[in-house]
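Hi,

Here is the structure I promised to pass on. Please open it first, then read my notes below.

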Amino acid sequence: LPAAHYFMEITRRCNLRCKMCCFIDWLQNTPAKVQAEGELTTEEWLRVIDQTTRYSLITFTGGEVFSRRDFMQILEHACAKRRVHFISNATMLNEERARRCVELAPKKLGRKGLNFIGTSLDGTRQIHDSIRAQEGAYDKTIRGISQVVRFKNEMGKRCPLIHVNTVIQEENVDCLPDLPGVLAEVGVDVLNLLTENRSFDLP
């Protein structure tokens, strides 16, 4: 059977240094100038997208997808052909990108275009910023999500649906009950609570 879902890890580069990230050692020990080495070019990614099956779903992930300056070009190409989902920390999801994301969304869920956006929040402001190792990361992510929701409302679109992933950790467990209310107020559609699985913790 043809593939129904493609996961495309387009970069390992990221602007955050999350404590639980599987790339954290690489990000901390690899010079920024060489982190992009080995990544596919824009044209190579466009050719990869063209080889996907007609009714499939494409998920773009990283790293942080917006670390690539060409990500919007790659996203637009994919949305013209397939159902699309991307995962981002949303700190780089500015007003222009948020508007374009909603423009790329289908009128009905399940049609080609940007159906879903996934992001992450690991607690309330102070806890999230501590886990992500960047002061202001929480506010940037909330702002990115809010801009997408605003444009959805202005354009009368249901899509892209927004889901938030939260990794359950000792540092954030006490503030988890506060998240559903916060995210509902912002306009998030789904909250996923995830456990942290690390290979070096296994017996």
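**Salt bridges**

The whole structure holds 12 salt bridges (a side-chain nitrogen of Lys or Arg within 4 Å of a carboxyl oxygen of Asp or Glu). This is a predicted model: local features need pLDDT of at least 70, side-chain atom pairs count only at pLDDT 80 or more, and totals for chains, interfaces and linings use all residues. Residues are numbered from 1 along each chain as its sequence is written, and side-chain values use heavy atoms, with hydrogens and water left out.

Start with Arg-100 and Glu-76. They form a salt bridge, with the closest N and O atoms 2.9 Å apart. Arg-100 lies in helix H4 (residues 95-103) and Glu-76 in helix H3 (residues 71-79), so the pair ties together parts 24 residues apart in sequence. Helices here are DSSP runs (H or I, at least four residues), numbered from the N terminus. Arg-100 is partly exposed at 27% relative accessibility, and so is Glu-76 at 32%. Partly exposed means between buried (under 20% relative accessible area) and exposed (over 50%), with a 1.4 Å probe and protein chains only.

Next, Arg-150 and Glu-95. Their closest N and O atoms are 2.8 Å apart in a salt bridge. The pair links distant parts of the chain: Arg-150 is in helix H6 (residues 137-155) and Glu-95 in helix H4, 55 residues apart.

Then Arg-125 meets Asp-139 in a salt bridge (2.9 Å, N to O). Arg-125 sits in helix H5 (residues 125-132) and Asp-139 in helix H6, so parts 14 residues apart in sequence are tied together.

Last, a network of salt bridges links Arg-13, Glu-39, Arg-68 and Asp-70.

Best wishes

Definitions and conventions: Helices (H or I, at least four residues) and strands (E, at least two) are DSSP runs, numbered from the N terminus.
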